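Colleague: I am new to this model. Please take a close look at one part of it for me, the side chains and their contacts, and begin at the surface.

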Amino acid sequence: DASNDHKNAVALKLERLLAVWLLNCFEHSEEPVGFSTFFLPAFVSHDCRPNCMWHYEGDHFVMRARQPIDSGSEITVSYLAEEALLESTVSRRSQLEATKHFLCNCALCSERLDKVRGFVCLSCREGEVLLDLTGPHAVPANAGACQRCGFLPDQCQAKELADQESRVEDLVHEWEI
């Protein structure tokens, strides 16, 4: 029936437009939750180490540079909240996959060592140790040894550090709810 075909086509178009809007909108307010879409900012790429930030001034979307940007360089913002940029690569990637439907492959997320999440050195207590979190389990990596004393955790210590961080992230997410 032509009428049903037309209704199905309209429904599919509306569904696609809604998906485009959801994937390109920015949170406008928290209470009540509100979202806005702006034409040009919808084309700005995400990065977990963005060179720009954005905010609202009234109903206006304002973008500001975080650092000098060379002519011809891509302008990037974070699609995540500022505090989420301090979370682990696994957490940031999970949030982006859940909300924006892509796996982040920015320079920060593509590094073997998660430089956002250093652990206090278990030996000197002054330096930091970085773990390789690219696989299913955290593992020590020579490049992540403490720069101060050279300490590198063994596999058991690396697992304990990763487990502690996971528990802290769970608590933080519980507090947000």
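**Side chains, from surface to contacts**

Modeller: L18, W21, L22, L23, V33 and F35 make a nonpolar surface patch of about 540 Å². This is a predicted model, so local features need pLDDT of at least 70 and side-chain atom pairs count only at pLDDT 80 or more, while totals for chains, interfaces and linings use all residues. Residues are numbered from 1 along each chain as its sequence is written, and side-chain values use heavy atoms, leaving out hydrogens and water.

Back to the patch. Its members have over 30% relative accessible area and no salt bridge; nonpolar side chains (Val, Leu, Ile, Met, Phe, Trp, Tyr) are joined within 5 Å, and like charges, in charged patches, within 9 Å. Areas come from the Shrake-Rupley method with a 1.4 Å probe, and for residues only the protein chains shown count as cover. Two elements give two or more residues each: α1 (2-24) and β2 (33-36). Helices (H or I, at least four residues) and strands (E, at least two) are DSSP runs, numbered from the N terminus. The largest share, 4 residues, comes from α1. F35 sits in strand β2. F35 is partly exposed, at 43% relative accessible area. Here buried means under 20%, exposed over 50%, and partly exposed in between (1.4 Å probe, protein chains only).

Now the charges. The whole structure holds 9 salt bridges. Each is a side-chain nitrogen of Lys or Arg within 4 Å of a carboxyl oxygen of Asp or Glu. Side chains of opposite charge can pair when their charged atoms come close. One of the bridges joins R49 and E111, with closest N and O atoms 3.9 Å apart. R49 lies in the loop between β3 (45-46) and β4 (52-57), and E111 in the loop between α3 and β7, so this pair ties together parts that are 62 residues apart in sequence. E111 is partly exposed, at 24% relative accessibility. R49 and E111 also belong to a network of salt bridges with K115.

D163 and K159 meet at 2.7 Å, N to O. Both lie in α4 (residues 155-176), 4 residues apart, about one turn of the helix. D163 is partly exposed at 26%, and K159 is partly exposed at 49%. R64 and E57 form a bridge too, with closest N and O atoms 2.9 Å apart. Relative accessible area is 41% for R64 and 42% for E57.

Next, the rings. The structure holds 1 aromatic pair. The ring centres of Y79 and F102 are 6.1 Å apart and the planes stand at 85°, so the pair is edge-to-face. Rings of Phe, Tyr and Trp (its six-membered ring) pair if their centres lie within 6.5 Å; planes under 30 degrees apart count as stacked, over 60 as edge-to-face, the rest as tilted. Y79 is in the loop between β6 (76-77) and α2 (89-100), and F102 is in the loop between α2 and α3 (107-110), 23 residues apart. Y79 is partly exposed at 27%; F102 is partly exposed at 26%. K100 lies over the face of Y79, 5.8 Å from the ring centre. That label needs NZ of Lys or CZ of Arg within 6 Å of the centre and within 35 degrees of the ring normal.

One backbone detail remains. H101, in the loop between α2 and α3, has a positive phi of about 60° although it is not a glycine. H101 is exposed, at 58%.
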